[in-house]
Amino acid sequence: ESSILQVQRSCEVKNKQIAVSKSRFEHSLTLNNEMSLRQINSPPSQAVVANEIIFQWETHSHKAFRIFQEMRAKEELCDVYICCDGRRFPAHRVVLAATCPFFREKLAAEHDESECEESFVELEIPWNFDNLLMLNALDFLYEGKLVLQLDHIKELLQLLHYLKLFVHSHIPLPIHGLLQIEEAVIACERFAIDHLRNQNCVGYHKLAETLGLEQLKLKTMEYMEWNFLQIVNEDDFVKLSAHQITSLLGSNSLKVRKEEKVYEAVWKWYKHDPEKRNKELDTVLKTIRFRQITTKFLQTRILPELVKGEGKCRKDVEDALAARKLSQENNDSGKPRNSRKIVYLFSMKTNRVDTFDEEQRACVPCLKLTSFSDASKEDNYHCAFLVQGELYIVSRRTVNRFNPVTKKWTWVGDGRAVRESGVCSDRNNIYVFGGKPDDMSAHKFDVCHGVWSSLPEMNRRRRCTGVAILGRKIYVIGGLNDDGPLNSMESFHIRSQKWKLLPGLLEPRFSMGVVTWAGSIFVFGGRSDRQSLGSMEVYHPKEDKWVFAPAQLNDNRSEFGHVVYENKIYCFGGRGVTSIEYYDYLNEQWRIVGRVSDNTYSVNCLVYPPLN
């Protein structure tokens, strides 16, 4: 605290000095201008010439430090060697002392201890860092440029954190150097936040707590809350401390619909090291909302595992069972966490994104989730995908991932044309089939490695085709080629990488809606040779056949958005259509529930949490 106060006082003094210097400079310029005017307007015998002005060379410091860097590269007038990881880096004491508190402290101590002034000093870095990181840090101290790489950002943050530290409080603090290192730390924090992933956010969170990086700590916590179900499956999840997992699971913003998932996460964390975590388990268990867990789960999992097996939470579980019985009688199961999801409509031609407002029964623009800048360029069709709960957009130029914490899109790979293609995604990959310009092609994008790979070609040329995933098979259905609308269907086995022709649609169609539901494939709407369609067909894989569903769409439509939401199949707009309708599965009936805005066709829909 005393060090912080010193920093604050020094900053205040420095600011006052800068203000005084600026005032004097402005006063001198004003005086000089007045004298120059007086000189012009006065007779020669009465001319007045300014005796003193201040000239400030704005780029002086920048050019001087650039020369220092050139001198360092040539080892010219260097008087200190920084030793790190088996390498010696030449440098200048005065530059290091001016730009870094750590080096000023250490060099001052070396100067006090040495009886005679040596030509150079060797300064050993006590921490075990890669020498390339130290070289990067030295370049920053000389040039103000820092190379940020995802593979080394954690180690760089640690190194910069140590360079901020100082030991002897009696030495005046180098305010400029302290702020320079602090700016580098902030830049590294922002870089890490922009590149948060399910695989790295736990590690970043633990590092942020260790180094006291509050912004990174806050954002990693938000990210874990947002992607909780995916984070639980990562290896690093069980490495969270009791305090960290309690903070996470205690949040009302945790994106989880079933409290059973919270219990399973706690149980997984506890069983990783039960001996050490037994004492801390009671605190962690307080974050579980037992009353929102189903009676069956309480009786079959929690009672035998937790209550009888570990002797924990007997009263909480008994109270929860009693409350569940009462809630069933009153048809009220209590208020869940804030885990709501909504429907987003992504235009495939522009950067327009809408959300479906159930209360207004209309689609409204979503300003917080505009697509990437490439979307505004000509002929840059794009599609949105969800992979492991993360949002991606694929276009001809790029693949981008959305960061819900920063509300930014980040490049993750080169793109691929998706115009009139059939698209889908699974746990780790994005698939693109047919379309323009190569209508027999099949490609896969691995989101973990950011690379595309080619798959075996389809048996038929297809554009505007429908795609669905069931189990380990991808079904490519209908579409359009030079011969007209197609009714053929083929499946691609993900493991064997082989295509197989299957029974075709009862009615040829393209630009239709395709979803999987209850183990079957539903195909509805689309277009034939002459008109948009309103019929619906269902494919049952076990029987290997198609059947017409009795229900018809209220409005024939093609090129429309569709998605399964709240156990209903929703259709949004279409070419020349503005209605919104959903399929009531129990009554086998389509119901109109609203209208879209002007974003009516060439859209794809996803279900995703609302943005804060």
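Visitor: How many residues lie between S4 and S5 in their hairpin?
Guide: This is a predicted model, where local features need pLDDT of at least 70, side-chain atom pairs count only at pLDDT 80 or more, and totals for chains, interfaces and linings use all residues. Residues are numbered from 1 along each chain as its sequence is written, and side-chain values use heavy atoms, leaving out hydrogens and water. Strands are DSSP runs of E with at least two residues, helices are H or I runs of at least four, and both are numbered from the N terminus. The residues between S4 and S5 in the hairpin number 5.

Visitor: Which residue of S5 is the bridge partner of Tyr-344?
Guide: Two strands pair if DSSP finds at least two bridges between them. In S5, the partner of Tyr-344 is Thr-355.

Visitor: What phi does Arg-361 have in the turn between S5 and S6?
Guide: S5 pairs with S6 (residues 362–365) in the antiparallel sense, over 4 bridges. Asp-354 has Pro-365 as its bridge partner in S6. This hairpin has 4 residues between its strands, and the phi of Arg-361 in the turn is positive, about 55 degrees.

Visitor: How many residues of S5 are buried?
Guide: Buried means under 20% relative accessible area, exposed means over 50%, and partly exposed is in between, with a 1.4 Å probe and protein chains only. Across the 612 residues of the protein, 48% count as buried. S5 (residues 353–357) is mostly covered, and its buried residues number 4 of 5.
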